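Reader: Please take me through this model one term at a time, and each time set the value beside the rule that it has to meet.

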Amino acid sequence: MEFHIDRAKVLPKANLWELLEGLKKRYKLIAPVKEGEKFAFREISDVSSVELNYTRTILPPKKFLLPYRRERFSYDPETMEFKSSFKAEEQVIFGIHSCDLHGISILDSIHLKENPDPRYLEVRRKTILIGISCFPDEYCFCLSTGTAFPDGANWDLFLTDVGPDYFVSIGSPKGDEIVLTFKHLFREIEKEDLELYKRSTAKKKRAFNEENLPDLERISQLIELEYDSPVWEEEAKRCLGCGTCTNTCPTCFCYTSVDVPDLTGKEVKRIEFITSCQYPYYSLVAGEHYFKPTRTSRFRHRYYHKFVGYPYQIEKLGCVGCGRCTAECPAGISMVKTIKRLRGVDEKELREVTE
Ligand code: SF4
Ligand code: SF4
């Protein structure tokens, strides 16, 4: 018996490579690849290098929407004539996990709602997002942040591994177009496919270890009530202020800029590059006002922004539970452990979390 569900199809796994080849011919194709022991999103020249089994990349795919360093415009300092050579390319980002899709949804809320950034808008319009299902490791806590599964808000296709096939959810007209263009690679859903899909969702939920999950119930209130907790200072003592946690975070978006003149002095480029609230001088402003002068205040600020500031600003947590800030922190500082400490979870349990 065949089901006609327009918003989903089945892609036999053997057909995935032909789909990727076809996409690469039409768009700039970006996907995860293995680099040493880690994984990274890269532009793909050979589809056989695409890595399907990975837990997290070092940097999230946001770097293809908001480059870490970019030229905003250039100008002639005498005439003050401005130029911009910016042009967004048509691109497909393939193999994005659910947490990172939610991360992009947060970036969309920030950059497209109140004061839309026309450049971000152009990049987003020309970008197709294709997600893929995954399983958690000890750093993932997306089940707590409600981001373990895509919610259909901002992606085009999502592939759920159901054994011999991918169950393909279609999230947008762009997704429909891909399915239509490559219709010979897809088939209709049958009853067994739906069963496999439901089972795969349940299997992912069961794969989380309860001890690695923070309790985020009323987290904004907890963080505010614990403003003076000694936990902030104790954890911040180990912090190096390196900014790795924010640079690897799929939802952090703070930029700074400098104007760089060329040697003739006839052209000045406005260069924007990503910065971090964990850097000592991030909060130093004109008049020598220094809003976050201590390591503890900067450390606490990151949690405040994720769990108090974002919910206030965009009605969502600013953390999607990807685990990068913990997995990559050179000082071994764990976000889950810090939240558990603020909740007053006992030391024995904490040792089990970090061991
Ligand atoms: S990655 Fe770790 S050490 Fe570096 S700024 Fe963040 S919390 Fe501090
Ligand atoms: S705060 Fe940490 S766990 Fe949360 S989204 Fe950012 S990097 Fe991931």
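Predicted model: local features only at pLDDT ≥ 70, side-chain atom pairs only at ≥ 80, totals over all residues.

Author: By class, the shell around ligand 2 is made up of eight nonpolar, two polar and three charged residues. Residues are numbered from 1 along each chain as its sequence is written, chains are lettered from A and ligands numbered from 1 in the order in which they are written, and side-chain values use heavy atoms, with hydrogens and water left out.

Reader: Which residues of the shell are closest to ligand 2, and how many surround it?

Author: The shell holds 13 residues, and the closest are C249, C319, C322, G323 and C325; a residue is near a molecule or strand if one of its heavy atoms lies within 4 Å of it. Helices α10 (295-314) and α11 (324-327) each supply at least two residues of this shell, where helices (H or I, at least four residues) and strands (E, at least two) are DSSP runs numbered from the N terminus.

Reader: What makes K9 and E188 a salt bridge?

Author: The rule asks for a side-chain nitrogen of Lys or Arg within 4 Å of a carboxyl oxygen of Asp or Glu, and the side chains of K9 and E188 meet at 3.0 Å, N to O. K9 lies in strand β2 (residues 8-12) and E188 in the loop between α5 (173-181) and β11 (189-190), so the pair ties together parts that are 179 residues apart in sequence. Across the whole structure, the search finds 23 salt bridges.

Reader: Why is K9 called buried, and which term applies to E188?

Author: Buried means under 20% relative accessible area, exposed over 50%, and partly exposed in between (1.4 Å probe, protein chains only). K9 has 14% relative accessibility and therefore counts as buried, whereas E188, with a relative accessible area of 23%, is partly exposed.

Reader: How do you know that R72 and D117 form a salt bridge?

Author: Their closest N and O atoms are 3.4 Å apart, which meets the rule. The pair links distant parts of the chain, with R72 in strand β5 (residues 69-75) and D117 in the loop between α2 (98-112) and α3 (118-125), 45 residues apart. Both ends count as buried, since R72 has 19% relative accessibility and D117 has 13%. R72 and D117 also belong to a network of salt bridges that links them with R70 and E272.

Reader: What is the N to O distance between K83 and E267, and are these residues buried or exposed?

Author: The side chains of K83 and E267 meet in a salt bridge at 3.7 Å, N to O. K83 lies in strand β6 (residues 82-83) and E267 in the loop between β12 (255-261) and β13, so the pair ties together parts that are 184 residues apart in sequence. K83, at 54% relative accessibility, counts as exposed, while E267 is partly exposed, with a relative accessible area of 24%.

Reader: What makes R218 and E288 stand out in their phi values?

Author: Most residues other than glycine have a negative phi. R218, however, has a positive phi near 50 degrees, and E288 has a positive phi of about 60 degrees although it is not a glycine. R218 lies in the loop between α6 (191-206) and α7 (219-225), and its relative accessible area of 59% makes it exposed. E288 lies in the loop between β14 (284-285) and β15 (289-290), and it too is exposed, with a relative accessible area of 72%.

Reader: Why is V10 called buried, and which residues does it touch?

Author: V10, in strand β2, has a relative accessible area of 1% and is therefore buried. Not counting residues up to four places away in sequence, V10 touches D165, Y166, L185, F186, R187, E188, I189 and D193, where contact means heavy atoms within 4.5 Å.

Reader: How do you know that C242 is partly exposed, and where does it lie?

Author: C242 has a relative accessible area of 32%, so it is partly exposed, and its place is in the loop between α8 (230-236) and α9 (244-247). Leaving aside neighbours within four places in sequence, C242 is in contact with Y279 and P330.

How values were computed: Nonpolar A, V, L, I, M, F, W, Y, C, P; charged D, E, K, R; others polar.
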